[in-house]
Amino acid sequence: MAEITANNDRIFWHARRTGPRYLIDPVAFFVALFGGPLLVALLGFWALIPVFALVFGGPVYLLLATPALLIHLRFRDGETGGIITLAFAVVIGGAAAGYVYGLLVPDSEVAIIALFYGGFGLILGPLWAGAFGWIYNRLRSDFSRVPH
């Protein structure tokens, strides 16, 4: 009888916990999420491309980067190099998904737009991710640095 009640929780939830998990500091996360692209635009305003990228690429960045960063930071320590690598993966995956979708939709310019965004995203995405990682690692609390 003890065996039945001991494994009762596995009936409803069978997820395995693999490796340590980190807490995400919400204030540091949102300041870095919005501050990273703003910092890159502020430092590169003379080129005008980072400023226009805020307007055109900002919504795409928020749509793709927010869930990717939340998942990444939950299972990894938040090192800036890992966040930049994540940015490359998200940009390439997002551009490839948009391109394939554009090929499937007849009479659509989505494939060309996805390649255009992907091209600029391969340059600005890692810059924004580096700025995000730099800001996040300086603002987050010590409690979120220890795996739980």
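## Aromatic pairs and a bent helix

Across the whole structure, a search turns up six aromatic pairs. One of them joins F116 and Y117 edge-to-face, with 6.2 Å from centre to centre and 85° between the planes. Keep in mind as you explore that this is a predicted model.

**Aromatic rings**

- F116 also forms an aromatic pair with F120, again edge-to-face, at 5.0 Å centre to centre and with 70° between the planes.
- You can find both F116 and F120 in helix α6, which covers residues 110-139. They sit four residues apart, about one turn of the helix.
- Elsewhere, ring pairs link four residues into a cluster: F29, F30, F132 and Y136.

- Helix α4 runs over residues 49-75, which makes 27 residues.
- A straight helix would reach 39 Å at 1.5 Å a residue, yet the end C-alpha atoms of α4 are only 33 Å apart.
- Where does α4 bend? Look at G57, where the bend is about 60°. A proline, P59, follows within four residues.

**What is buried in helix α4**

- Several residues of α4 are buried, among them P50, A53, Y61, H72 and L73. G57, the site of the bend, is also buried.

Notes. Residues are numbered from 1 along each chain as its sequence is written. This is a predicted model: local features need pLDDT of at least 70, side-chain atom pairs count only at pLDDT 80 or more; totals for chains, interfaces and linings use all residues. Side-chain values use heavy atoms; hydrogens and water are left out. Rings of Phe, Tyr and Trp (its six-membered ring) pair if their centres lie within 6.5 Å; planes under 30 degrees apart count as stacked, over 60 as edge-to-face and the rest as tilted. Helices (H or I, at least four residues) and strands (E, at least two) are DSSP runs, numbered from the N terminus. The expected span of a helix is 1.5 Å times one less than its number of residues. The bend at a residue is the angle between axes fitted to the seven residues ending there and the seven starting there. Buried means under 20% relative accessible area, exposed over 50%, partly exposed in between (1.4 Å probe, protein chains only).
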